[in-house]
Amino acid sequence: MTVDLRSDTVTKPTPGMLEAMFSAKVGDDVFGEDESINELEAKAAGIFGMEAGIFCPSGTMTNQIGIKCFTQPLDELITDQTAHVYRYEGGGIAFNSSVSARLLYGERGILTAEMIAPEINPINDHYPRTSLVVLENTVNRGGGSCYTLEQIKQIAALCKAKGLKLHMDGARIFNALTRTGDKAADYGKYFDGISICLSKGLGAPVGSVFLASRETIKYARRVRKAFGGGMRQAGFLAAAGIYALDHHVERLKIDHAHAQILAEELAKCNWVTNILPVETNLISFDTVEPASIVLQKLAAHAIKASSTGPNRIRFVLHLDVHPEQVEYAVKVLRGVHGS
Ligand SMILES: *Cc1c(COP(=O)(O)O)cnc(C)c1O
């Protein structure tokens, strides 16, 4: 038995999803003629109470398009120092948008209005113009931590008062909503742009959607073309996304329950020194031995995981980790490592 806990991106399409893909109605999306893509974009926008959406190959692209839409060269954005947009998008903030990043130290990546307010630059030729705040929800390096709607409301009010745009990197937004019970439609009220990923916990093979106002999405289409992300009969992929939104959101609570089971076991292991609070499908924990050694030991038992620091390991639960695999992983954690 293999248990792949490296990422929720490792999932393969289910038979139902493949069937939906095979029977998708497609056309040339650069001409706006792909029925499945149009349906996905409208559906995702509707879920979040946004006007429009644009389907892209990756979450990196939807984030980078959002940043491009909401900034001008010489501007600055504010985000947490662990943010995906800063750490894992290849320096795209500078490269694509000629924008600098003001990095804050949130609590497990969660920022508050109080933290952001003093970091907004006054209007002065010395300073880059602060034009955008980017929040990640859930926070990957925060161990899957979630914003409360109240925190978002306060940040949105601050942004509005200061004339800043607010973008959400919602690669795992459905995990956050599953945890908090907040309504997706409420998010549309507070964010100017939302990026959602279909290829993480939702289990689609490819794809993300950027959601915003009709006007912003019109410009986003130009940007996507310039980034090389204009696709043709990609409705086969959009169909997987539609299927994922219909069938794979409700089940995220299973991944969260599995994460709790593994976290409880890790808490009993004497080789684990610290576990970040487990709120969703991610578990981030620190180990006595270097992570590389622990990963080798786990790999010897066919458990794959990844490290996010010299002594930090991340487990990610997803729809291809079934209950019997969780049971097996518990046994391995117990047996081999002398808990
Ligand atoms: C995975 C991820 C993305 C997007 O990644 P892609 O691989 O480009 O789709 C964005 N933000 C976060 C927090 C992620 O975990």
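The structure is a predicted model. Its chain is built from 14 helices and 13 strands. The radius of gyration is 20 Å, close to the 20 Å that the globule rule gives for 339 residues, so the chain is as compact as a globular protein of that length. Along the principal axes, the C-alpha atoms fill a box of roughly 60 × 55 × 35 Å.

The interior and the surface may be considered next. Of the 339 residues, 55% count as buried. The accessible surface of the chain amounts to about 14,400 Å², and carbon and sulfur atoms contribute 53% of that area. Among contacts with a separation of 6 or more, 75% are made by residues 24 or more positions apart.

Among the helices, α12 covers residues 252-267 and has 16 residues. From its first C-alpha to its last, α12 reaches 23 Å, which is close to the 22 Å expected at 1.5 Å a residue. The buried residues of α12 are Leu252, Asp255, His256, His258, Ala259, Leu262, Ala263, Glu265 and Leu266. This list includes the leucines Leu252, Leu262 and Leu266, and it also includes Asp255 and Glu265.

Another helix, α3, contains threonine 62. Is this threonine 62 buried or exposed? With a relative accessible area of 0%, threonine 62 is buried, because that value is under the 20% cut-off. Neighbours within four places in sequence aside, threonine 62 is in contact with Ile54, Cys56, His167, Ser195, Ser208, Val209 and Phe210.

Helix α3 spans residues 59-70, and the loop between α3 and β3 (75-80) holds leucine 74. The backbone of leucine 74 has a positive phi of about 85°, although this residue is not a glycine. Leucine 74 counts as exposed because its relative accessibility is 70%, over the 50% cut-off.

Beyond β3, the loop between that strand and α4 (84-87) is the place of threonine 82. Threonine 82 has a relative accessibility of 10% and therefore counts as buried. Which residues does threonine 82 touch, not counting those up to four places away in sequence? They are Arg87, Gly109, Glu136, Val139 and Arg141. Threonine 82 and arginine 108 are 26 residues apart in sequence, and their C-alpha atoms are 8.6 Å apart in space.

Two further loops have backbone features to be noted. In the loop between β5 (129-136) and α7 (149-162) lies threonine 138. Asparagine 137 and threonine 138 are joined by a cis peptide bond, with omega about 0°.

The other loop, between α13 (291-299) and β11 (303-304), contains alanine 302. Phi of alanine 302 is near 65°, a positive value in a residue other than glycine.

Notes
Residues are numbered from 1 along each chain as its sequence is written. This is a predicted model: local features need pLDDT of at least 70, side-chain atom pairs count only at pLDDT 80 or more; totals for chains, interfaces and linings use all residues. Side-chain values use heavy atoms; hydrogens and water are left out. Helices (H or I, at least four residues) and strands (E, at least two) are DSSP runs, numbered from the N terminus. The radius of gyration is taken over C-alpha atoms; the globule rule is 2.2 Å times the number of residues to the power 0.38. Buried means under 20% relative accessible area, exposed over 50%, partly exposed in between (1.4 Å probe, protein chains only). Contact means heavy atoms within 4.5 Å. Accessible areas come from the Shrake-Rupley method with a 1.4 Å probe; for residues, only the protein chains shown count as cover. The expected span of a helix is 1.5 Å times one less than its number of residues.
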